[in-house]
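Here are some exercises to work through with the sequence and the 3D view side by side. Try each task on your own before you read its solution.

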Amino acid sequence: GNYRFGLVANGKLNIDNDSSIGSVSNPYNLDNPLDSTNKVSVVSSEIEVTSGTYVKGTLAGQILAKMANPDNTAAGQAKIAIVNNGNIDMSGTNSISFYSRYGIVTNNNIINSSNGAIGIYGTNNTQINNVGTINLGNNSIGLAAKTQEGTLSIAGNNLINMTNSGNIISNGATAPIGMYAQNNSSLNRADANITNSNTVDLRNS
């Protein structure tokens, strides 16, 4: 039915695995409305996909985890940190694995995205960190950032902070983008911090 059986507020949610769910042979399934990933509401909290956990989704427009800074302050960023230590496979059109507004998102393991999908998307000075591997599909983006979301302007924090120290790989996909940043406010170029210290491989694209 259309109901939730859990609420996490001002805490931390671990998307974990055991012998019955979250394994490579039986991943969490975002397509299933009865899957536990779709039955827990998370507000103003940290989210971690733990090591060895597998999550998949194949439907258009899916988002595995999204979070917004409740305080609109730098101190509030850590309260909504999203960390992926698992294996994410999002094959639906225009899906997003992780989204944050004025938060922190870190990928330490694997994100597979395709068909116009985005691996990590952050706005309003979200700290985006890719340490692991993001595999790109057709017309997809590995890391994406905007200075502000819609008309929401957070004073002094319509910034871009995006770092890749891992791998962003196209695997022969058509028209992928490794790292994308958009200044849709009055951000000075000096405040757009985009750093790549490892591999963005778009060959054969």
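**Exercise 1.** Decide whether Glu-48 is buried or exposed, then find its salt-bridge partner.

*Solution.* Step 1: Glu-48 has a relative accessibility of 17%, so it counts as buried (buried means under 20% relative accessible area, exposed over 50%, partly exposed in between, with a 1.4 Å probe and protein chains only).

Step 1: Its partner is Lys-12, and the closest N and O atoms are 3.0 Å apart. A salt bridge here is a side-chain nitrogen of Lys or Arg within 4 Å of a carboxyl oxygen of Asp or Glu.

Step 2: Glu-48 sits in strand 5 (residues 46-49) and Lys-12 in strand 2 (residues 12-15), so this pair ties together parts 36 residues apart in sequence. Strands are DSSP runs of E with at least two residues, numbered from the N terminus.

Step 3: Lys-12, at 44%, is partly exposed.

A note before you go on: this is a predicted model, in which local features need pLDDT of at least 70 and side-chain atom pairs count only at pLDDT 80 or more, while totals for chains, interfaces and linings use all residues. Residues are numbered from 1 along each chain as its sequence is written, and side-chain values use heavy atoms, leaving out hydrogens and water.

**Exercise 2.** The structure holds 3 salt bridges. Describe the one formed by Asp-71 and the one formed by Asp-201.

*Solution.* Step 1: Asp-71 pairs with Lys-79, with closest N and O atoms 3.0 Å apart. Asp-71 is partly exposed at 36%, and Lys-79 is partly exposed at 43%.

Step 1: Asp-201 pairs with Arg-203 at 2.7 Å. Here Asp-201 is buried at 17%, whereas Arg-203 is exposed at 62%.

**Exercise 3.** Work out the strand order of the open sheet of 5 strands, and find its edges.

*Solution.* Step 1: The order is 7-10-13-16-19, with parallel pairing (two strands pair if DSSP finds at least two bridges between them).

Step 1: Strand 7 (63-68) and strand 19 (177-182) are the edges, each pairing on one side only.

Step 2: Strand 16 (residues 141-146) is joined to strand 19 by 5 bridges, and strand 13 (residues 118-123) is joined to strand 16 by 5 bridges.

Step 3: Ile-141 has Ile-177 as its bridge partner in strand 19, while Ile-118 has Ile-141 as its partner in strand 16.

Terms used: Helices (H or I, at least four residues) and strands (E, at least two) are DSSP runs, numbered from the N terminus.
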